[in-house]
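Here is a short briefing to read alongside the model. Take a moment with the sequence and the fold, and then let us walk through a few spots together.

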Amino acid sequence: MSFPSDGMTRFAPLSRRLRRAMSRGLCRVLLVLCAAAPAVSLFPDAAAAEFRLCNRTQSRIGIALGYKDGDIWTTEGWWNVSANSCETLLRGELSARFYYLYAVDYDQGGEWAGKAYMCTREKEFTIKAADDCLARGFDRTGFFEVDTQEQKAWTVQLTESGQTKPAQGNVPPPPPPPPKPR
């Protein structure tokens with residue numbers, strides 16, 4: 001019995017069968033991936049559910065967010081948002097209809113505020129409960145309400161026209177930007 005000089009010809013039938021089986025398997029995998037691709041692209045919002053804020057001003061702004069976490073009010077801050085940019089504040093589907101925001105303009109002064117009072121502080125924070133802010137050593141800050149209309153994702157656009165400028169006189173400057181973004 002003589003063997004071919006390359007030593008591989010003897011195994012050629014097995015290699016061809018293996019190649020055919022692998023190509024059939026690869027075709028199946030590709031077919032499954034191609035079939036799944038349209039389903040993934042049909043639901044782009046499922047992956048993009050979030051609460052976002054876009055700063056449409058020429059200034060850097062600081063953001064504090066208030067929301068109901070189960071039965072407890074929670075406030076968080078600060079997110080630093082550069083001029084003409086957006087930031088995701090919460091990821092995933094929104095669980096509540098109403099969220100509350102407070103924003104301060106670091107460069108020009110002024111703020112976006114409201115009459116829903118919650119607790120904040122100058123440094124990065126997460127505060128549970130919105131009552132007795134001063135007694136607990138926090139600042140009492142007026143947030144404005146955002147009605148998400150029960151959507152699963154929402155984006156707030158802050159513009160200079162919605163901003164309240166500080167009155168002239170003895171108005172304290174806005175808090176300095178926190179040391180690191182969230």
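Cys 119 is buried in this predicted model, because its relative accessibility of 0% is under the 20% cut-off. A disulfide joins Cys 119 to Cys 133, with 2.0 Å from S to S. Cys 119 also turns up among the members of a nonpolar core, and its backbone oxygen is reached by the side chain of Thr 75.

**The disulfide of Cys 119 and Cys 133**

- The torsion about this S-S bond is about -90 degrees, so the link of Cys 119 and Cys 133 is left-handed.
- Cys 119 sits in strand E7 (residues 116-120), while Cys 133 is in the loop between strand E8 (125-128) and strand E9 (139-147), so the bond ties together parts that are 14 residues apart in sequence.
- Cys 133 is buried too, because its relative accessible area of 4% falls under 20%.

**The disulfide of Cys 54 and Cys 86**

- How many disulfides does the count come to? The count is 2, and a disulfide also joins Cys 54 to Cys 86, with an S to S distance of 2.0 Å.
- The link of Cys 54 and Cys 86 is right-handed, with 105 degrees about the S-S bond.
- Cys 54 belongs to strand E1 (residues 50-55) and Cys 86 to strand E4 (residues 85-91), so this pair ties together parts that are 32 residues apart in sequence.
- Is each of these two cysteines buried or partly exposed? Cys 54 is buried, with a relative accessible area of 3%, whereas Cys 86 is partly exposed at 27% relative accessibility.
- Counting bonded cysteines along the chain, the disulfides follow the pattern 1-2, 3-4.

**Thr 75, facing Cys 119**

- Thr 75 is found in strand E3 (residues 72-81), and it counts as buried because its relative accessibility is 2%.
- The distance from the side chain of Thr 75 to the backbone oxygen of Cys 119 is 2.7 Å.
- Neighbours within four places in sequence aside, Thr 75 is in contact with Leu 65, Gly 66, Met 118, Cys 119, Phe 125, Thr 126, Ile 127 and Phe 143.
- One of these contacts, Phe 125, is 50 residues from Thr 75 in sequence, with 7.7 Å between the C-alpha atoms.

**Strand E5 and its partners**

- Strand E5 (residues 98-105) is largely enclosed by the rest of the structure, because 7 of its 8 residues are buried.
- Strand E2 (residues 61-69) and E5 run antiparallel and are joined by 6 bridges; Leu 65 has Leu 101 in E5 as its bridge partner.
- E5 and E9 also run antiparallel, with 4 bridges joining them, and here Tyr 99 stands opposite Val 146 in E9.
- E5 pairs with strand E6 (residues 111-112) in the antiparallel sense over 2 bridges, where Ala 103 stands opposite Trp 112 in E6.
- E5 and E6 make a hairpin with 5 residues between them, and Gly 109 in the turn has a positive phi of about 80 degrees.

**Two nonpolar cores**

- Which residues touch the most other members of the largest nonpolar core? Of its 19 residues, they are Phe 51, Leu 53, Ile 63, Leu 65, Leu 89, Leu 101 and Leu 158.
- At least two residues of this core come from each of E1, E2, E3, E4, E5, E9 and strand E10 (154-158), and E2 gives the most, with 4 residues.
- Leu 89 is in contact with Phe 51, Arg 52, Leu 53, Ile 63, Leu 65, Trp 79 and Leu 101, leaving aside neighbours within four places in sequence.
- A second, separate core has 13 residues, including Ala 64, Tyr 106, Cys 119 and Phe 125.

**Ser 59, a buried loop residue**

- Ser 59 is placed in the loop between E1 and E2, and it counts as buried because its relative accessibility is 1%.
- The side chains of Ser 59 and Asp 105 are joined by a polar contact of 3.2 Å.
- Beyond its neighbours within four places in sequence, Ser 59 is in contact with Val 81, Ser 82, Ala 83, Asp 105, Asp 107 and Gln 108.

Conventions. Residues are numbered from 1 along each chain as its sequence is written. This is a predicted model: local features need pLDDT of at least 70, side-chain atom pairs count only at pLDDT 80 or more; totals for chains, interfaces and linings use all residues. Side-chain values use heavy atoms; hydrogens and water are left out. Buried means under 20% relative accessible area, exposed over 50%, partly exposed in between (1.4 Å probe, protein chains only). Contact means heavy atoms within 4.5 Å. A polar contact is a pair of N or O atoms within 3.5 Å; within protein, one must be able to donate a hydrogen and the other to accept it, and residues adjacent in sequence count only if both atoms are side-chain atoms. A disulfide is a pair of cysteine sulfur atoms within 2.5 Å. Two strands pair if DSSP finds at least two bridges between them. A nonpolar core is a set of buried Ala, Val, Leu, Ile, Met, Phe, Trp, Tyr and Cys residues joined through side-chain atoms within 4.5 Å.
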